[in-house]
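Let's take a walk through this structure together. Have the sequence and the 3D view open as you read.

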Amino acid sequence: QGHIVESGGGLVQSGGSLRLSCATSGFTMADFAMAWFRQAPGKGREGITCISKRDNYTDYADSVKGRFTVYRDNAKNMVYLQMDSLKPEDTAVYHCAADKWGNCAGYDYWGQGTQVTVSS
């Protein structure tokens, strides 16, 4: 059974940066596409980025394009989300997810999330 734990969230001022980490275990992360989602209070879950298994193809939601960067270290079973130029509307719980089919369409494992709060 796969296990995912996110970390790195916190409180940051508008314009600041944070790096989120996603630690995986119980599955071969190199065989999975990995994604980040977020859910703000009172809103639905938003997919913000997905990175492919090995060729590191990435896709980003328009809301974060140019500000967020996802990258993975398969040797360490880790995925990272570098978030720059943060805005108050980025405030949300951020979740990491793993997709064994590799097409960033359905996810098999999810983490519990880490809270990111951006103050204005």
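Tryptophan 110 has a relative accessibility of 31%, so it counts as partly exposed. Keep in mind that what you're looking at is a predicted model. Now turn to phenylalanine 37, which pairs with this tryptophan: the ring centres of phenylalanine 37 and tryptophan 110 sit 4.8 Å apart with the planes at 50 degrees, so the pair is tilted. Since phenylalanine 37 belongs to strand E4 and tryptophan 110 to strand E10, the pair ties together parts that are 73 residues apart in sequence.

Phenylalanine 37 itself is buried, because its relative accessibility is 12% and the cut-off for buried is under 20%. Arginine 45 lies over the face of the phenylalanine 37 ring, 5.5 Å from the ring centre.

How many aromatic pairs turn up in a search of the whole structure? The count is seven. One of them joins phenylalanine 37 to tyrosine 107: the ring centres are 5.1 Å apart and the planes stand at 85 degrees, so this pair is edge-to-face. Here, too, distant parts of the chain are linked, with phenylalanine 37 in strand E4 (residues 33-39) and tyrosine 107 in the loop between E9 and strand E10 (109-110), 70 residues apart. Tyrosine 107 has a relative accessible area of 19%, so it counts as buried. Elsewhere, ring pairs link Phe27, Phe32 and Tyr109 into a cluster.

Next, find tyrosine 94, in strand E9 (residues 92-99). Is tyrosine 94 buried or exposed? It's buried, because its relative accessibility is 0%. Beyond its neighbours within four places in sequence, tyrosine 94 is in contact with a list of residues that includes Trp36, Phe37, Arg38, Leu81 and Val116. With arginine 38 there's a polar contact between the two side chains, at 2.9 Å. A polar atom of the tyrosine 94 side chain also lies 2.6 Å from the backbone oxygen of aspartate 90.

Finally, step over to the sheet. Four strands make up an open sheet, ordered E1-E3-E8-E7, with antiparallel pairing. Strands E1 (3-7) and E7 (68-73) stand at the edges with a single partner strand each, so one side of each has no neighbour in the sheet. From one strand to the next, the twist averages 15 degrees. In general, the strands of a sheet pair through backbone hydrogen bonds, either parallel or antiparallel. E7 is joined to strand E8 (residues 78-83) by six bridges, and the two run antiparallel.

Terms used
Residues numbered from 1 in each chain as written. Predicted model: local features only at pLDDT ≥ 70, side-chain atom pairs only at ≥ 80, totals over all residues. Heavy atoms only, no water. Pairing = 2+ DSSP bridges. Axes fitted to C-alpha atoms, helices over the stretch in contact; angles between N-to-C directions. Buried < 20%, exposed > 50% of the residue type's maximum accessible area, 1.4 Å probe, protein only. Contact = heavy atoms within 4.5 Å. Polar contact = N/O pair within 3.5 Å; in protein donor to acceptor, adjacent residues only side chain to side chain. Phe/Tyr/Trp six-rings, centres within 6.5 Å; stacked < 30°, edge-to-face > 60°. Lys NZ or Arg CZ within 6 Å of the ring centre and 35° of its normal.
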